[in-house]
Amino acid sequence: MPGDIVETTFYVRYAETDQMGIVHHSTYVVWMEEGRSEYMRQKHADYAGVEKSGLSMAVIELNVRYLAPAHYGERVTVRTWVESLRSRALTFGYEIVNAETRQRLVTGVTKLMLINQQGQVVSFPESIQAALRA
């Protein structure tokens with residue numbers, strides 16, 4: 001894992017679990033999105049600002065590896081970092097852990113591309129690239 005990691009910690013909500021109190025597999029993808037959003041906010045390249053400029057970041061690839069379940073009421077930490085940044089592609093890495101025990105629950109990767117309002121792939125502006133490299 002690279003050195004520049006943003007951590008986001010919160011409690012597992014009841015609505016995120018099944019009848020057994022175990023977090024539903026789809027929830028981890030939402031948590032990865034929250035980790036990615038917080039990473040971008042801390043780098044001063046938040047999604048809201050990107051979208052105001054008429055651009056969107058589209059997820060084009062997603063990989064999740066489930067290692068252990070999270071449960072209702074536990075605190076979890078989403079650890080997020082940039083795996084790679086190219087002119088037209090951005091890849092984030094994730095690790096979701098139990099906040100108290102630090103047990104690794106999930107690892108994952110998302111790859112995103114920047115698109116304009118017509119849905120065409122465009123290069124990341126230098127300002128975003130510089131913010132993410134800082």
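Biologist: Tyr28: buried or exposed?
Modeller: Tyr28 counts as buried, at 2% relative accessibility (buried is under 20% relative accessible area, exposed over 50%, partly exposed in between, with a 1.4 Å probe and protein chains only). This is a predicted model, in which local features need pLDDT of at least 70 and side-chain atom pairs pLDDT 80 or more, while totals for chains, interfaces and linings use all residues. Residues are numbered from 1 along each chain as its sequence is written, and side-chain values use heavy atoms, without hydrogens and water.

Biologist: How many aromatic pairs are there in the whole structure?
Modeller: The search finds six (ring centres of Phe, Tyr and Trp, its six-membered ring, within 6.5 Å; planes under 30 degrees apart are stacked, over 60 edge-to-face, the rest tilted). One of them joins Phe10 and Trp31, edge-to-face because the planes stand at 70°, with centres 5.3 Å apart.

Biologist: Which parts does that pair tie together?
Modeller: Phe10 lies in strand 1 and Trp31 in helix 1 (residues 27-42), so the linked parts are 21 residues apart in sequence. Both elements are DSSP runs numbered from the N terminus (helices H or I, at least four residues; strands E, at least two). Phe10 is buried at 14%, and Trp31 at 1%.

Biologist: And what does Tyr28 pair with?
Modeller: Its partner is Tyr66, edge-to-face at 5.6 Å centre to centre and 70° between planes. Tyr66 belongs to strand 2 (residues 56-66) and Tyr28 to helix 1, so this pair ties parts 38 residues apart in sequence. Tyr66 is partly exposed, at 43%.

Biologist: Which residues make up the aromatic cluster?
Modeller: Phe10, Tyr28, Trp31 and Tyr66 form one cluster.
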